[in-house]
Amino acid sequence: MTQTTYVEPAGGRPAGSTADPHHARRWLILVMIGLAQLMVVLDATIVNIALPTAQHELGFSSDARQWVVTAYALAFGSLLLLGGRVNDLFGRKRAFLIGLAGFALASAVGGAANGIEMLIVARAAQGVFGALLAPAALSLLTTTFTDPKERGRAFGIFGAIAGGGAAVGLLLGGVLTEYLDWRWCMFVNIVFAVIAFVGGSSLLRHRPSEDRPKLDIPGAVVSTLGLFAVVYGFANAETHDWSSPLVWGFLAAGVVLLGVFVRIETRVAHPLLPMRVLLDRNRGGAYLAVFLLGIGMFGIFLFLTYYLQQNLGFTPITSGLAFLPMVGTLMVSATLSTSVLLPRVGPKVLVGAGMVIAAAGLFWLSGIDSASTYASGVLFPLMVAGVGIGLSMAPSMNVAISGVDPHDAGVASATVNTGQQIGGSIGTALLSSVAADAAASFAVGKTPTPQLLADAAIHSYTTAFTWAAGIFLLGAVVCGLLIKPGVPEEIETDMPVVHA
């Protein structure tokens, strides 16, 4: 009788064999990777709910408050590409463990902060170690799950964490702030990190890279400065006019520096981000999808949180609970899309359809008014948006790192995280500006009353939802044109087949 067995590349042990301890413990490894990814993603939102309490206790100004969030985004977003290449050069297990240990230490410092300066430094340090940890987690997922069907299920779970982690952060931040102390929004990372560190130390194997090229120092410096300038420019857009040099000046500098970075990468012997990673049509479309999904997702979380708390009177905890239906539908659609649908229809259909469904949910959500309730105006649109985001996010992350050379896995994973992080920064700034303009225009020439202010706020939210829906539709068209039809070969047979 003929049997089909999957084997690892380069003469490794059969991936389906329990003699391979790494493979035999693959689902436990997924738990460790998932914990690390959850910690990184939720930290982008968990402190938001705690900020008013922290501000009152530490006595810092409202202008300084935004830097508690921005410091993390700046360090994380600008260092991701460098962190991904460090993973490739020095080993993913080492990078994973160092990232966990550093993130836990930075979280401890932030939780013990006695002033705004100490808190901002801790948040920046979290971003630095997060930039090392996030690419390690995603590339470890790729090297751990070698069977295409199992990899689909694993990516579905990972994609659900990446898509829903921000909402979980809102809920967890509310619970910790209300029942314990705002400092536990930092200390809780230590719990996640310790569990993942102990598990990673015992479950993961160090696999040294067979090819150890030199680090592209010029590319690393220019890309870091370019990404920093882009994130900093959009961060300033939240508190400054778009005509301010702090906004357009840094954005322009970022674009120029990233252009120089591309030029460098086409000329150096060992590029930080090889253009072969980006120029594959499927992979390029997947990166763009993650970027655009990041813009829309952060818009949902930001403005819906405002609506729930300021207009419906929800507490931080009930606001977090309100997002759980979306997280549920997102997890189901993410898992099904990669394990069942992706091997059958390919990424083009899933990414396009997912973005259209998410856009439909946001257009529906934009119909809320002052008479709406959570059940009548929010619940079902939110669930529809979750289905769409899960349907497109998880396949995009799978395709984005499938088929890359092993020594490029880290930087390919980092590019996924970079797309999501930069997308989130752009979405927060762009949609905040759009919402502020909409609120101001709504109130022009009218007598200010409490009802008018409430209606103006709701109008600003619905305008932001409409813009986010438009971005999703644009993504469906552009990504649909970029991504090739059919099932990519690396998805069908991600591992070589041996007939015994």
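Is Y179 buried or exposed? Y179 counts as exposed, because its relative accessibility is 59% and the cut-off for exposed is over 50%. This is a predicted model. Its chain has 500 residues, and 57% of them count as buried. The secondary structure comes to 19 helices and two strands.

**Whole chain**

- The accessible surface comes to about 19,300 Å². Carbon and sulfur atoms account for 68% of that area.
- Contacts between residues at least 6 apart in sequence were also sorted by separation. Of these, 83% join residues at least 24 apart.
- A search of the whole structure finds 10 aromatic pairs.

**Nonpolar surface patch**

- V175, Y179, L180, W184, V191 and I195 make a nonpolar surface patch of about 580 Å².
- Two elements each give two or more residues to this patch: α7 (148-179) and α8 (184-203).
- Helix α8 supplies the largest share, three residues.
- Y179, the exposed residue of the opening question, lies in helix α7.

**Aromatic cluster**

- Ring pairs link F303, Y306, Y307 and Y461 into a cluster.
- F303 and Y306 form an edge-to-face pair. Their ring centres are 6.0 Å apart, with 80 degrees between the planes.
- Both F303 and Y306 sit in helix α12 (residues 281-311). They are three residues apart, about one turn of the helix.
- Y307 belongs to helix α12 and Y461 to helix α18 (residues 450-482), so the pair ties together parts that are 154 residues apart in sequence.
- Y307 is buried, with a relative accessible area of 1%.
- Y461 counts as buried too, because its relative accessibility is 4% and buried means under 20%.

**Nonpolar core**

- The largest nonpolar core holds 140 residues. Those touching the most other members are F96, L100, L141, I300, L304, F323 and I389.
- Helix α12 gives the most to this core, with 15 residues.
- L141 touches L30, I33, A154, F155 and F158, leaving out residues up to four places away in sequence.

- F261 is placed in helix α10 (residues 245-265).
- F261 is buried: its relative accessible area is 4%.
- Which residues is F261 in contact with, leaving aside its neighbours within four places in sequence? They are L81, G219, V222, S223, L272 and L273.
- T224 is 37 residues from F261 in sequence. In space, the two are 9.5 Å apart, C-alpha to C-alpha.

Technical notes:
Residues numbered from 1 in each chain as written. Predicted model: local features only at pLDDT ≥ 70, side-chain atom pairs only at ≥ 80, totals over all residues. Heavy atoms only, no water. Patch = residues over 30% accessible without salt bridge, like charges linked within 9 Å, V, L, I, M, F, W, Y side chains within 5 Å. Areas by Shrake-Rupley, 256 points an atom, 1.4 Å probe, with all protein chains shown as cover. Salt bridge = Lys/Arg side-chain N within 4 Å of Asp/Glu carboxyl O. Helix = DSSP H or I, 4+ residues; strand = E, 2+ residues; numbered from the N terminus. Buried < 20%, exposed > 50% of the residue type's maximum accessible area, 1.4 Å probe, protein only. Phe/Tyr/Trp six-rings, centres within 6.5 Å; stacked < 30°, edge-to-face > 60°. Contact = heavy atoms within 4.5 Å. Core = buried A, V, L, I, M, F, W, Y, C linked by side-chain atoms within 4.5 Å.
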